[in-house]
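Please open the structure in your viewer, with the sequence beside it, and keep the selection tool at hand. The tour goes from one selection to the next.

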Amino acid sequence: MTHHECLRVGQAAPDFTATAVVDQEFKTIKLSDYRGKYVVLFFYPLDFTFVCPTEITAFSDRYEEFKTINTEVLGVSVDSEFSHLAWIQTDRKSGGVGDLTYPLVSDIKKDISEAYNVLDPDGGVALRGLFIIDKDGIVQHATINNLAFGRNVDEALRVLQAIQYVQANPDEVCPAGWQPGDKTMNPDPVKSKEFFAAV
(Lines give C-alpha, C1' and ligand atoms only; values in the text may rest on other atoms or scores of the structure.)
Protein backbone atom coordinates (compact mmCIF):
# COMPACT_ATOMS: atom_id res chain seq x y z
CA MET A 1 0.00 0.00 0.00
CA THR A 2 1.57 3.26 -1.06
CA HIS A 3 1.67 6.31 1.09
CA HIS A 4 -1.08 7.99 -0.92
CA GLU A 5 -3.62 5.24 -0.76
CA CYS A 6 -5.97 5.67 2.14
CA LEU A 7 -7.23 2.61 3.95
CA ARG A 8 -11.01 2.69 3.89
CA VAL A 9 -13.79 0.84 5.65
CA GLY A 10 -14.90 -2.14 3.55
CA GLN A 11 -11.35 -2.93 2.41
CA ALA A 12 -9.19 -5.83 3.48
CA ALA A 13 -7.14 -4.99 6.57
CA PRO A 14 -3.43 -4.81 5.64
CA ASP A 15 -1.78 -7.95 6.97
CA PHE A 16 1.36 -7.70 9.07
CA THR A 17 3.81 -9.90 10.91
CA ALA A 18 5.43 -8.37 13.99
CA THR A 19 6.91 -9.08 17.39
CA ALA A 20 4.48 -8.69 20.25
CA VAL A 21 4.68 -9.08 24.00
CA VAL A 22 2.23 -11.77 25.09
CA ASP A 23 2.21 -12.84 28.75
CA GLN A 24 5.62 -11.21 29.23
CA GLU A 25 7.14 -13.19 26.36
CA PHE A 26 8.16 -12.13 22.87
CA LYS A 27 6.07 -13.80 20.18
CA THR A 28 5.76 -13.30 16.45
CA ILE A 29 2.16 -12.65 15.57
CA LYS A 30 0.46 -12.30 12.23
CA LEU A 31 -2.82 -10.47 11.76
CA SER A 32 -4.13 -13.07 9.29
CA ASP A 33 -3.74 -15.76 11.98
CA TYR A 34 -6.83 -14.24 13.60
CA ARG A 35 -9.11 -14.99 10.63
CA GLY A 36 -12.35 -16.40 11.93
CA LYS A 37 -12.23 -13.95 14.85
CA TYR A 38 -13.02 -10.28 15.04
CA VAL A 39 -10.06 -8.06 15.88
CA VAL A 40 -9.98 -4.70 17.64
CA LEU A 41 -6.69 -3.24 16.45
CA PHE A 42 -5.76 -0.03 18.17
CA PHE A 43 -2.75 2.24 17.86
CA TYR A 44 -1.39 4.55 20.54
CA PRO A 45 1.54 6.99 20.51
CA LEU A 46 4.11 5.78 23.03
CA ASP A 47 4.73 3.59 26.04
CA PHE A 48 5.31 5.45 29.33
CA THR A 49 3.13 8.43 28.37
CA PHE A 50 0.12 9.77 30.23
CA VAL A 51 -3.10 9.06 28.35
CA CYS A 52 -1.91 5.74 26.98
CA PRO A 53 -1.90 3.64 30.15
CA THR A 54 -5.54 4.49 30.88
CA GLU A 55 -6.60 3.12 27.51
CA ILE A 56 -4.29 0.13 27.55
CA THR A 57 -5.47 -0.97 30.99
CA ALA A 58 -9.15 -0.26 30.23
CA PHE A 59 -9.01 -2.64 27.27
CA SER A 60 -7.18 -5.17 29.41
CA ASP A 61 -9.68 -4.94 32.28
CA ARG A 62 -12.56 -5.52 29.86
CA TYR A 63 -10.81 -8.13 27.72
CA GLU A 64 -13.12 -10.97 28.79
CA GLU A 65 -16.08 -9.10 27.30
CA PHE A 66 -14.32 -9.03 23.93
CA LYS A 67 -13.20 -12.64 24.22
CA THR A 68 -16.74 -13.88 24.86
CA ILE A 69 -17.84 -12.39 21.53
CA ASN A 70 -15.04 -14.04 19.52
CA THR A 71 -12.79 -10.98 19.44
CA GLU A 72 -9.06 -10.46 19.94
CA VAL A 73 -7.62 -7.11 21.01
CA LEU A 74 -4.23 -5.97 19.68
CA GLY A 75 -2.47 -2.80 20.84
CA VAL A 76 0.22 -1.27 18.59
CA SER A 77 2.80 1.48 19.01
CA VAL A 78 6.12 2.36 17.41
CA ASP A 79 7.98 1.28 20.55
CA SER A 80 10.29 -1.73 20.61
CA GLU A 81 9.14 -4.97 22.19
CA PHE A 82 11.71 -4.26 24.94
CA SER A 83 9.97 -1.01 25.82
CA HIS A 84 6.60 -2.82 25.79
CA LEU A 85 7.96 -5.46 28.15
CA ALA A 86 9.41 -2.85 30.52
CA TRP A 87 6.07 -1.00 30.57
CA ILE A 88 4.18 -4.22 31.32
CA GLN A 89 6.66 -5.04 34.09
CA THR A 90 6.04 -1.63 35.68
CA ASP A 91 3.01 -1.63 37.92
CA ARG A 92 0.10 0.72 37.35
CA LYS A 93 0.82 2.81 40.44
CA SER A 94 4.21 3.68 38.95
CA GLY A 95 2.88 4.66 35.52
CA GLY A 96 3.16 1.22 33.96
CA VAL A 97 0.37 -0.98 32.68
CA GLY A 98 1.10 -4.16 34.61
CA ASP A 99 0.19 -7.56 33.21
CA LEU A 100 -2.03 -7.31 30.15
CA THR A 101 -4.58 -9.78 28.84
CA TYR A 102 -3.82 -9.13 25.15
CA PRO A 103 -0.71 -8.65 22.96
CA LEU A 104 1.16 -5.36 22.60
CA VAL A 105 2.66 -5.21 19.13
CA SER A 106 5.95 -3.50 18.30
CA ASP A 107 5.82 -1.38 15.14
CA ILE A 108 9.41 -0.18 15.41
CA LYS A 109 9.76 0.12 11.61
CA LYS A 110 6.48 2.09 11.54
CA ASP A 111 5.20 0.16 8.56
CA ILE A 112 2.02 -1.04 10.31
CA SER A 113 1.14 2.53 11.35
CA GLU A 114 1.83 3.64 7.80
CA ALA A 115 -0.30 0.88 6.25
CA TYR A 116 -3.21 1.93 8.47
CA ASN A 117 -2.57 5.60 7.73
CA VAL A 118 -2.20 6.62 11.38
CA LEU A 119 1.47 7.68 11.41
CA ASP A 120 1.85 11.27 12.59
CA PRO A 121 4.33 12.73 10.09
CA ASP A 122 5.61 15.34 12.56
CA GLY A 123 6.13 13.25 15.67
CA GLY A 124 6.80 9.91 14.02
CA VAL A 125 4.36 8.19 16.39
CA ALA A 126 0.99 6.57 15.77
CA LEU A 127 -2.16 8.61 16.25
CA ARG A 128 -4.91 6.93 18.26
CA GLY A 129 -6.41 4.84 15.48
CA LEU A 130 -8.91 2.11 16.26
CA PHE A 131 -9.95 -0.44 13.64
CA ILE A 132 -12.52 -3.20 13.95
CA ILE A 133 -11.73 -6.02 11.55
CA ASP A 134 -14.29 -8.73 10.94
CA LYS A 135 -13.70 -12.47 10.82
CA ASP A 136 -13.06 -12.30 7.07
CA GLY A 137 -10.30 -9.73 7.54
CA ILE A 138 -12.35 -6.74 6.32
CA VAL A 139 -12.16 -3.37 8.09
CA GLN A 140 -15.69 -2.59 9.30
CA HIS A 141 -14.98 0.43 11.49
CA ALA A 142 -12.20 2.99 11.78
CA THR A 143 -11.77 5.99 14.06
CA ILE A 144 -8.71 8.15 14.62
CA ASN A 145 -8.28 10.46 17.60
CA ASN A 146 -5.56 13.05 17.86
CA LEU A 147 -2.83 12.46 20.42
CA ALA A 148 -4.27 14.27 23.42
CA PHE A 149 -7.43 12.29 24.10
CA GLY A 150 -8.20 8.65 24.65
CA ARG A 151 -10.91 6.31 23.47
CA ASN A 152 -13.89 4.70 25.07
CA VAL A 153 -13.92 0.91 25.49
CA ASP A 154 -17.73 0.89 25.84
CA GLU A 155 -18.07 2.50 22.43
CA ALA A 156 -15.63 0.02 20.83
CA LEU A 157 -17.66 -2.85 22.30
CA ARG A 158 -20.97 -1.32 21.19
CA VAL A 159 -19.77 -0.82 17.60
CA LEU A 160 -18.35 -4.34 17.53
CA GLN A 161 -21.65 -5.79 18.73
CA ALA A 162 -23.56 -3.75 16.14
CA ILE A 163 -21.25 -5.05 13.38
CA GLN A 164 -21.71 -8.62 14.55
CA TYR A 165 -25.47 -8.15 14.74
CA VAL A 166 -25.89 -6.81 11.22
CA GLN A 167 -23.54 -9.46 9.85
CA ALA A 168 -25.71 -12.13 11.50
CA ASN A 169 -28.93 -10.38 10.37
CA PRO A 170 -28.13 -8.99 6.92
CA ASP A 171 -31.66 -7.68 6.36
CA GLU A 172 -31.45 -5.32 9.35
CA VAL A 173 -29.45 -2.20 10.20
CA CYS A 174 -28.62 -0.68 13.57
CA PRO A 175 -29.70 2.89 14.29
CA ALA A 176 -27.54 5.46 16.09
CA GLY A 177 -26.64 4.54 19.66
CA TRP A 178 -27.85 0.96 19.18
CA GLN A 179 -27.16 -1.39 22.10
CA PRO A 180 -27.56 -5.18 22.09
CA GLY A 181 -31.24 -5.97 22.65
CA ASP A 182 -32.44 -2.67 21.15
CA LYS A 183 -34.74 -2.59 18.15
CA THR A 184 -33.08 -2.57 14.76
CA MET A 185 -34.34 -1.14 11.48
CA ASN A 186 -35.10 -2.68 8.14
CA PRO A 187 -33.17 -0.77 5.45
CA ASP A 188 -36.25 -0.43 3.27
CA PRO A 189 -38.23 2.84 2.84
CA VAL A 190 -41.54 1.21 3.72
CA LYS A 191 -40.42 -1.23 6.40
CA SER A 192 -38.22 1.38 8.10
CA LYS A 193 -41.46 3.23 8.95
CA GLU A 194 -42.25 0.39 11.37
CA PHE A 195 -39.19 1.38 13.39
CA PHE A 196 -40.05 5.07 13.43
CA ALA A 197 -43.71 4.36 14.19
CA ALA A 198 -42.70 2.39 17.26
CA VAL A 199 -40.18 4.90 18.62
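Strands (E, at least two residues) and helices (H or I, at least four) are DSSP runs, numbered from the N terminus, and two strands pair if DSSP finds at least two bridges between them. This is a predicted model, in which local features need pLDDT of at least 70, side-chain atom pairs count only at pLDDT 80 or more, and totals for chains, interfaces and linings use all residues. Residues are numbered from 1 along each chain as its sequence is written, and side-chain values use heavy atoms, with hydrogens and water left out.

Select residues 17-22, strand β1, and then residues 25-30, strand β2: the two run antiparallel and are joined by six bridges. Within this pairing, A20 stands opposite K27 of β2. Two residues lie between the strands of this hairpin, and D23 in the turn has a positive phi of about 50°.

Now turn to the aromatic rings, where Phe, Tyr and Trp (its six-membered ring) pair if their centres lie within 6.5 Å, and the planes count as stacked under 30 degrees apart, edge-to-face over 60 and tilted for the rest. Ten aromatic pairs are counted by this rule. One of them is the tilted pair of F43 and Y116, with 5.6 Å centre to centre and 45° between the planes. Because F43 lies in strand β3 (residues 38-43) and Y116 in the loop between α4 (111-115) and β6 (128-133), the pair ties together parts that are 73 residues apart in sequence.

Finally, select F42, Y44, F48, F59, F66, W87 and Y102, which ring pairs link into a cluster.
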